[in-house]
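I opened the model to look up the surroundings of the ligand. My entries follow the structure.

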Amino acid sequence: MATEKSVHVGVLGWPITHSCSPLLHRFWLKQYGIDGDYVALAVAPEAFSQTFAELPERGFSGVNITVPHKQTALEAIMTMGGTASGTTRRIGAVNTVIFHSDGTIEGRNTDVTGFVENLKEQAPQWSPEGPAVVLGAGGAARAVCAGLLEEGVKEIRLVNRTEEKIQELMQIFSSSIVPVSWKNRETALAEAALLVNGTSLGMAGHLPLELSLERLPATTIVYDIVYAPLETPLLRAAQTRGNPVVDGLGMLIHQARPAFEAWFGISPEISEELRAVLEADLRERGAT
Ligand code: ATR
């Protein structure tokens, strides 16, 4: 139970029952003996703006933002006179908010570093030299593209069902983005160094991702940002043919780390034990 002096943070989403973030941050709070709490707040879209504006007076030092509020949160922060980095504004989505003690509000998108740090950890052989194929053009895929471009990737073959969204990303980012229609997604795999699923396809309760890996080189790193199930059909298919794989749970943990540091002043460790706790939780919920 949090005391009056403790640091109060949480996550806003709708629905929120699926979120692993309370378990993740509470693990670190306990590990570092920090007097604080991390709560899940179910906030319907129509209640978001008001609930968000009231958080500082309710004693919150910060929050994470999840589906479907990431874009609305950025708008709310800007309306309230807050700040967000150039990358966060280009992506158009915020997943971490800091309510500073001087009253200022800052929005960040830690999915960008979360995506990259996890890639470097799970596939240290990755180099930005070769082309990357990214499936999806929603908020998550935008963070993926921003991360890859920051790392120096020269060619992103961006595949999305709705082609207007690819055009939007081409305008936001750079000429490094090569548009690919959804029906040509398998052709785009040739000579790719990295394949990323940035769509919701393959997630528990969603449609499967239909993608033959026949044209994918054997050394291509296959990264699925979906973490429920932990071993998605895409990752299983990649592993079966010997491709190195990167899972989405690592991205979840790596995006949480800079948020925790911003609120509590400690860059928390990513341990085997933490991963095991989160994997057990996903299994218990039938998501693996
Ligand atoms: P998030 O913020 O988590 O990225 P999102 O913005 O809703 O969520 O994006 C979901 C992504 O999954 C989009 O790229 C979406 O494609 P569209 O832009 O065409 O909607 C993709 N997606 C979802 N269902 C899909 C389907 N059945 N076939 C192909 N792509 C799909």
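Entry 1, ligand shell. I counted 14 residues around the ligand, taking those with a heavy atom within 4 Å of the molecule. Ala140, Asn160, Arg161, Thr162 and Lys165 are the closest. I worked from a predicted model, in which local features need pLDDT of at least 70, side-chain atom pairs count only at pLDDT 80 or more, and totals for chains, interfaces and linings use all residues. Residues are numbered from 1 along each chain as its sequence is written, and side-chain values use heavy atoms, with hydrogens and water left out.

Entry 2, classes. I sorted the shell into five nonpolar, seven polar and two charged residues. Ala, Val, Leu, Ile, Met, Phe, Trp, Tyr, Cys and Pro count as nonpolar, Asp, Glu, Lys and Arg as charged, and the others, Gly among them, as polar.

I found an N or O atom of the Asn160 side chain 2.7 Å from a ligand oxygen. From the backbone, an N or O atom of Ala140 lies 2.9 Å from an oxygen of the ligand, and one of Ser200 lies 3.5 Å from a ligand oxygen. The ligand taken alone exposes 650 Å², of which the protein buries 71% (Shrake-Rupley method, 1.4 Å probe).

I located Asn160 in strand β8, residues 156-160 (strands are DSSP runs of E, at least two residues). Is Asn160 buried or exposed? Asn160 is buried because its relative accessible area is 9%, and buried means under 20% (1.4 Å probe, protein chains only). A polar atom of the Asn160 side chain lies 3.2 Å from the backbone nitrogen of Ala137; a polar atom of that side chain also lies 3.1 Å from the backbone oxygen of Thr162.

How values were computed: Polar contact = N/O pair within 3.5 Å; in protein donor to acceptor, adjacent residues only side chain to side chain. Helix = DSSP H or I, 4+ residues; strand = E, 2+ residues; numbered from the N terminus. Buried < 20%, exposed > 50% of the residue type's maximum accessible area, 1.4 Å probe, protein only.
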